[in-house]
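Student: Could you walk me through this model, one feature at a time?
Tutor: Gladly. Ask how to read each feature, and I will give the idea and then the case here.

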Amino acid sequence: QVQLVESGGGLVQPGGSLRLSCVASGFTVSTYSMSWFRQAPGKERELVARISSTGGRPFYADSVKGRFTISRDTARNAVYLQMNSLKLEDTAVYYCKRIVGDYWGQGTQVTVSS
């Protein structure tokens, strides 16, 4: 059974950092492309970052490029999203997704506020 469990969200001041984790079970993260999405209140869910199973260059939305880094840990079967220089507009619920099969985690709330 495929399961994705996110953690690491919280309240942070502008300019701060957070690292989100997505622990997978039921499959091996290294063999699938994995993504992070986010959804802010009143807005559509948007793709933030994607890491390919083939090891190519990760994709980042323009709004997070240079500030966020997606990575994968095969030993922990997890995908991470390191978020630096956080802005107020990064406030959202962040979701981990396995693209093949359209599997989603439950989401983790990130709030950037002074």
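**Reading the model**

Student: How many of the residues count as buried?
Tutor: Of the 114 residues of the protein, 43% are buried. Buried means under 20% relative accessible area, exposed means over 50%, and partly exposed lies in between, with a 1.4 Å probe and protein chains only.

Student: What should I know about the source?
Tutor: This is a predicted model, where local features need pLDDT of at least 70, side-chain atom pairs count only at pLDDT 80 or more, and totals for chains, interfaces and linings use all residues. Residues are numbered from 1 along each chain as its sequence is written, and side-chain values use heavy atoms, leaving out hydrogens and water.

Student: How many helices and strands are there?
Tutor: Start with the terms: helices (H or I, at least four residues) and strands (E, at least two) are DSSP runs, numbered from the N terminus. The protein has 0 helices and 11 strands. From the N terminus, its elements read β-β-β-β-β-β-β-β-β-β-β.

Student: What does the radius of gyration say?
Tutor: It is taken over C-alpha atoms, and the globule rule is 2.2 Å times the number of residues to the power 0.38. For 114 residues, a compact globule would come near 13 Å; the protein has 13 Å, so the two agree. Along the principal axes, the C-alpha atoms fill a box of roughly 40 × 25 × 25 Å.

Student: What share of the contacts links residues 24 or more positions apart?
Tutor: A contact means heavy atoms within 4.5 Å. Among contacts in the protein with a separation of 6 or more, 53% join residues 24 or more positions apart.

Student: How many disulfides does a search of the whole structure find?
Tutor: A disulfide is a covalent bond between the sulfur atoms of two cysteines. Here the criterion is a pair of cysteine sulfur atoms within 2.5 Å. The search finds 1 disulfide. Cys-22 is joined to Cys-96, with S to S at 2.1 Å. Cys-22 sits in strand β3 (residues 18-25) and Cys-96 in strand β9 (residues 92-98), so the pair ties together parts 74 residues apart in sequence.

Student: Are Cys-22 and Cys-96 buried or exposed, and what is the torsion about their S-S bond?
Tutor: Both Cys-22 and Cys-96 are buried. The torsion about their S-S bond is about -75°, so the disulfide is left-handed.

Student: How do I read a positive phi?
Tutor: Most residues other than glycine have a negative phi. Asn-77 is not a glycine, yet its phi is positive, about 50°. Asn-77 lies in the loop between β7 (68-73) and β8 (78-83). Its relative accessibility is 15%, so Asn-77 counts as buried. Leaving out residues up to four places away in sequence, Asn-77 touches several residues, including Cys-22, Phe-27 and Val-29.

Student: What is the phi of Asp-102?
Tutor: Asp-102 has a positive phi of about 60°, and it is not a glycine either. Asp-102 is in the loop between β9 and β10 (103-104). At 46% relative accessibility, Asp-102 counts as partly exposed.

Student: Where does Phe-59 lie, and which residues does Phe-59 touch?
Tutor: Phe-59 belongs to strand β6 (residues 59-60). With a relative accessible area of 35%, Phe-59 is partly exposed. Not counting residues up to four places away in sequence, Phe-59 touches Leu-47, Val-48, Ala-49 and Arg-50.
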